[in-house]
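Here is a friendly walk through one model, with an eye on how its parts pack together. Have the structure open beside the text as you read.

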Amino acid sequence: MCRTGLYVILALDMKYAFILGRNQELSIAELGAIFQSLRSCKNYAIFFDGELPQKPQDFLNRLGGTTEILEIFAENLPQADILNDVEKFLLEQSRAHTGKCAFALNLWPENKKSQVLKFLLTRLKKNLRAKGVSANFMNKNFQNVSPVFASKQGLIGSKTNIGILDVGDGKVTLGATVALQDFEAYSKRDYGKPFRDPAVGMLPPKLAQIMINLANPNEIASAATILDPFCGTGTILMEAMLMGYSVIGSDKDARLIEGARQNIDWLQKTFSKSVPGNTHVKLFQKDARSLTAADAIAKAPVGGKQQNGSLSLAVVTEPFLGPPLSQFPAENFLKKLMDELEKLYLDFFKNLAQWLPKKTAVVFIFPYWKKGSSRQSLASHVVAKIESLGYSKTTFAPLKTTSLLYERPDSVVGREIVRFVKVVRP
Ligand SMILES: C[S@@+](CC[C@H](N)C(=O)[O-])C[C@H]1O[C@@H](n2cnc3c(N)ncnc32)[C@H](O)[C@@H]1O
């Protein structure tokens, strides 16, 4: 990962807050896979002391589950001190960035009915003006500002988008936003790519990023190549390329391989600055149940000979999950589908176990079917069978769980993410 010398010096003794996305478990598990120790965790944010692996915006661009990074400038204050500390901080910023002081305040967790913002915003504007600073707040209707608006108003560069984070016991922590999720880039990758196929199911790019990060937890050997053996339209491969991995994608359907190729070509042109020049891409049509070790080597053989370098690999995939459904299926249909999927998954893992190196991570999605508040899970009885083939399911630290759920409120089919590690050679 790139980082400048200057940035490393400045980053010493830094403290950050990561504002979590809507699916908090996924967001926490993603950060837990990247950082060995997270200081504390609220249901809306995680706090971290130390150096970020990259500049904040570059780092945030690799995280699917965090919406914002704040640099902390005051901690555990009584609420009565907020005005004073924010004013002091904004005065410092206005000296560093000459001209007008446009600022915003945001409450975390968000509270749309609070009168606190109104009081703080008006007092801050008055106090700063009394000190000769041409200050103006950007909040509309005394509510948090939207990330798009904050970034368009230049509040990130000037470090004047301030977060007031409730840390319990009547105390707050204060931070300035240093990075915001790039909504436009995600939307472009999700909806602007040339080949889309709703029938195949479309994995959101943010979920693909989270899965890739989950595949590289600290305690498991880190991978240089991501393999997706059910690659479909190539969502996981594209996100992995943007994160600096070489990629290998295969699918049994030639039409989808052609579509994934179109999407990857488009990505390389549209996001050319973000895809490293040395990224290797290998795409081919094959049934995932018959992949071999040679298939999983990213670089083309040199001079026709097979390279015998080690497979620095992680498998990240969303396999076939059954047909898209608009309502909960009939019992016999579901039973047949579950049997069929179980067989596909077991055959896939059995073949993979023959050549996958020990300690390699496999991040895999299982479908579940929702009816009201009940869930019919496939993972609950297939995971143990997969483990018996030479894998071990792993816990998503700092959580205690071995599976993470992702669902849309109105969908019948949900996704259950499980991470296995290859433990023994058969
Ligand atoms: C749910 S889709 C993957 C979608 C992908 N994550 C995306 O965002 O486009 C599952 C894919 O598995 C492929 N597939 C189904 N059975 C397969 C098999 N036995 N071997 C390889 N690919 C298979 C299908 O053609 C389909 O493209």
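Helix axes here are lines fitted to C-alpha atoms over the stretch in contact, and angles run from 0 to 180 degrees between N-to-C directions. With that in hand, helix α2 (residues 24–34) and α8 pack at an angle of about 35°, and their axes lie 8 Å apart. Please keep in mind that this is a predicted model.

Domain 1 brings 15 residues to the contact, and domain 2 brings 16 residues. On the side of domain 1 that touches domain 2, there are seven nonpolar, five polar and three charged residues.

**Helix pairs**

| Pair | Angle | Axis distance |
|---|---|---|
| α2 and α8 | about 35° | 8 Å |
| α8 and α9 | roughly 65° | within 9 Å |
| α11 and α12 | about 20° | 10 Å |

Let us begin with α2 and α8, whose crossing is left-handed. Leu26, Ala29, Glu30, Ala33 and Ile34 in α2 meet Ile210, Asn213 and Leu214 in α8. By class, this contact holds six nonpolar residues, one polar and one charged.

Helix α8 (residues 205–214) also meets helix α9 (residues 235–242), and their axes cross at roughly 65°. Angles of 65 to 115 degrees count as roughly perpendicular, so α8 is roughly perpendicular to α9. The crossing of this pair is right-handed. From α8 come Pro205, Ala208, Gln209, Met211 and Ile212, which face Thr235, Ile236, Glu239 and Ala240 of α9. Six of these contact residues are nonpolar, two are polar and one is charged.

Glu342, Tyr345, Leu346 and Phe349 of α11 make the contact with Val382, Lys385 and Ile386 of α12. This contact has five nonpolar and two charged residues, with no polar ones.

**Around the ligand**

Which residues come nearest to the ligand? Of the 21 residues around the ligand, these are Phe230, Gly232, Thr233, Thr235 and Ala288. Thr235 is also one of the α9 residues that meet α8. The shell around the ligand divides into eleven nonpolar, four polar and six charged residues.

Conventions. Residues are numbered from 1 along each chain as its sequence is written. This is a predicted model: local features need pLDDT of at least 70, side-chain atom pairs count only at pLDDT 80 or more; totals for chains, interfaces and linings use all residues. Two residues are in contact if their C-beta atoms, placed from the backbone, lie within 7 Å. Ala, Val, Leu, Ile, Met, Phe, Trp, Tyr, Cys and Pro count as nonpolar, Asp, Glu, Lys and Arg as charged, and the others, Gly among them, as polar. Helices (H or I, at least four residues) and strands (E, at least two) are DSSP runs, numbered from the N terminus. Angles under 35 degrees count as roughly parallel, over 145 as roughly antiparallel, 65 to 115 as roughly perpendicular and the rest as oblique. A crossing is left-handed if the near helix is turned anticlockwise from the far one by less than a right angle, and right-handed if clockwise. A residue is near a molecule or strand if its C-beta atom, placed from the backbone, lies within 6 Å of it.
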